[in-house]
Structures are given as structure tokens and as C-alpha cells.
Amino acid sequence: MPVRPIKSNTRESSILNQSRGEIPSLLPSRGGLKLASLNINKLTTHIDELRVFLTQNKIDILSINETKLNETITDNEVNIPGYDIIRRDRMANGGGGVCFYLKNTINYTIRNDLNVDALENLCVEIQLSKSKPFVVVTWYRPPDSPICVFSPFEVLIGKLDSENIEYYLMGDLNCDMIATRYNNNTCKLINITDVYGLQQLITEPTRITQTSSTLIDLIFTNCPDKVLCSGVCHISISDHCMV
């Protein structure tokens, strides 16, 4: 069925769950694998909140941007029960960084061959029973990145395209998709994704301040027909919405 970006009616479902004595979930109660992405702006600061959130919301694969981890922080310090963590820390100054939390019941392969030195990206290939494998990519593009960073990004997308594999690219790309006028970075991103026939699933703002409202946390896919629903989740863990 076609993609239908939705804003789920979480208030009604939360009231119903509370009346049953259940922990309310902010996510739609639909079947299938649930993928999500969140810019958390330092994982260690919000790890306890994230642990609570994931006990209340069934997410199978969660990508985190701006983890701000380094070699002094062990996996145990950011462990979440029931999940494996895969991380790629920024080596230069301790900022940035990305990671995945994957349900430990999921069969996956880390695709280090798809990691690009010039990008803060991380890739995993998921193998589910009775279905073809697919790849999930997370990429954090800092807002001060030079426009030339889109060249290695295009190489990455080209590699995925050459494999003829289903894939999902999630992350804070700092390209505002609802701006009244696109800047050069956003135009470059759209040009590349259009060439490879990717569809962007998120339509609502993902970072809202007192003075601005932007859609910079994105999900692209080459198989939108495989997506039942998509949208944003407003949570207190971060100043970004989860997509």
C-alpha cells in the first residue's frame, strides 16, 4: 500500500491504555518492524530517559544522532536491556557521533564496507525470516558541513543502488525540507535523492523553537510501498522530534 504519513492520535490511545492499567505508548499500534531516529544531543545525559522510553514504546531499530561518545565511555554505560548497541564515535573533538540500538532478537550484519570516512554514518543489514534483507543507514550531517560532503554521500547511495537492495536512510541531515526557499545544501540533497528515486517520508516539523520550525530529521527510502505509516513523535528527551 502507498505511504501514508500520519500524525497518530496518541491522546486517545493513552487514555484507553491507562484505563486498562497499561503503560501508554506514543507510537501507532500497528504491526511490522518499527524503525525510528532521534537526535539526542549527548547520549549519556539522556540515557536513563531513553531506557524508560524504550520500555514503554516498542521500537525495533533506533538510530541516535549526536551521541557525543568517545573511547572513555563503554558500551555498558549506555546499555539498554533487550538491545544491542552499535556505535561510531566522532574521532576529532568528541561531538557528533551516531549509533544504533537494535532489538537483540534481530538478525543483523554491520556493514562496515558502507561506512564513509567523510560522513558520520553507520549501516546495518537486517535479515528477517521469509523476507529479503534490507539496509538501514543513519547519517548525521552537522549544520556547518561544507557542501562537498554530498559527494561522498552520493557515492554511498550509488553503492546501495548498485546492490539492488531495499534500504532506509534516517538521521538529522540539517536540510530543511519545509523551508519557503531551499538553500544550496537542501537543493543538493534533493537532487541526489531524486536521481536515485528515493522518497522522503516525514512531512511535519521535527525541530521547533520559539522562533523557528524546521523539518531536518528525515527518512528516505527506495521502497515506500513497504511502509505502512510514518510520522513524528514529540518527546521530552530531546529538542528534536523522533521520526
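This is a predicted model: local features need pLDDT of at least 70, side-chain atom pairs count only at pLDDT 80 or more; totals for chains, interfaces and linings use all residues.
Trp139, Phe150 and Phe153 form one aromatic cluster.

**Aromatic pairs**

- The count of aromatic pairs in the model comes to five.
- Phe134 and Tyr168 are both buried.
- Trp139 and Phe153 make a stacked pair, because their ring centres are 4.6 Å apart and their planes lie at 15 degrees; the cut-off for stacked is under 30 degrees.
- This pair also links distant parts of the chain, with Trp139 in strand E7 and Phe153 in helix H3 (residues 150-162), 14 residues apart.
- Trp139 has a relative accessible area of 1% and is therefore buried.
- Phe153 is buried as well, with a relative accessible area of 0%.

**Helix H2**

- Helix H2 covers residues 43-56, which makes 14 residues.
- From its first C-alpha to its last, helix H2 reaches 19 Å, close to the 20 Å expected at 1.5 Å a residue.
- Helix H2 has a bend of about 40 degrees at Glu49.
- Its buried residues are Leu43, His46, Ile47, Leu50, Phe53 and Leu54.
- An α-helix has 3.6 residues a turn, so residues three or four places apart point the same way.

**Leu43 in helix H2**

- Leu43 is located in helix H2.
- The relative accessible area of Leu43 is 0%, so this residue counts as buried; the cut-off for buried is under 20%.
- Leaving aside neighbours within four places in sequence, Leu43 is in contact with Leu50, Glu66, Thr67, Leu69, Val78, Cys99 and Tyr101.
- One of these contacts is Val78, 35 residues from Leu43 along the chain, and the C-alpha atoms of the two are separated by 7.5 Å.

- Strand E4 is largely enclosed by the rest of the structure, because five of its six residues are buried.
- Strands E2 and E4 run antiparallel and are joined by five bridges.
- Ile64 stands opposite Cys99 in strand E4.
- Strands E3 and E4 also pair in the antiparallel sense, over six bridges.
- Asp84 stands opposite Leu102 in strand E4.

**Cysteines**

- The count of disulfides comes to zero.
- Cys187 is in no disulfide, and the nearest cysteine sulfur, that of Cys175, is 9.4 Å away; a disulfide would need the two sulfur atoms within 2.5 Å.
- With 31% relative accessibility, Cys187 counts as partly exposed.
- Cys233 is in no disulfide either, and the nearest cysteine sulfur, that of Cys241, is 8.1 Å away.
- Cys233 is buried, with a relative accessible area of 7%.

Note on methods
Residues are numbered from 1 along each chain as its sequence is written. Side-chain values use heavy atoms; hydrogens and water are left out. Helices (H or I, at least four residues) and strands (E, at least two) are DSSP runs, numbered from the N terminus. The expected span of a helix is 1.5 Å times one less than its number of residues. The bend at a residue is the angle between axes fitted to the seven residues ending there and the seven starting there. Buried means under 20% relative accessible area, exposed over 50%, partly exposed in between (1.4 Å probe, protein chains only). Rings of Phe, Tyr and Trp (its six-membered ring) pair if their centres lie within 6.5 Å; planes under 30 degrees apart count as stacked, over 60 as edge-to-face and the rest as tilted. Two strands pair if DSSP finds at least two bridges between them. Contact means heavy atoms within 4.5 Å.
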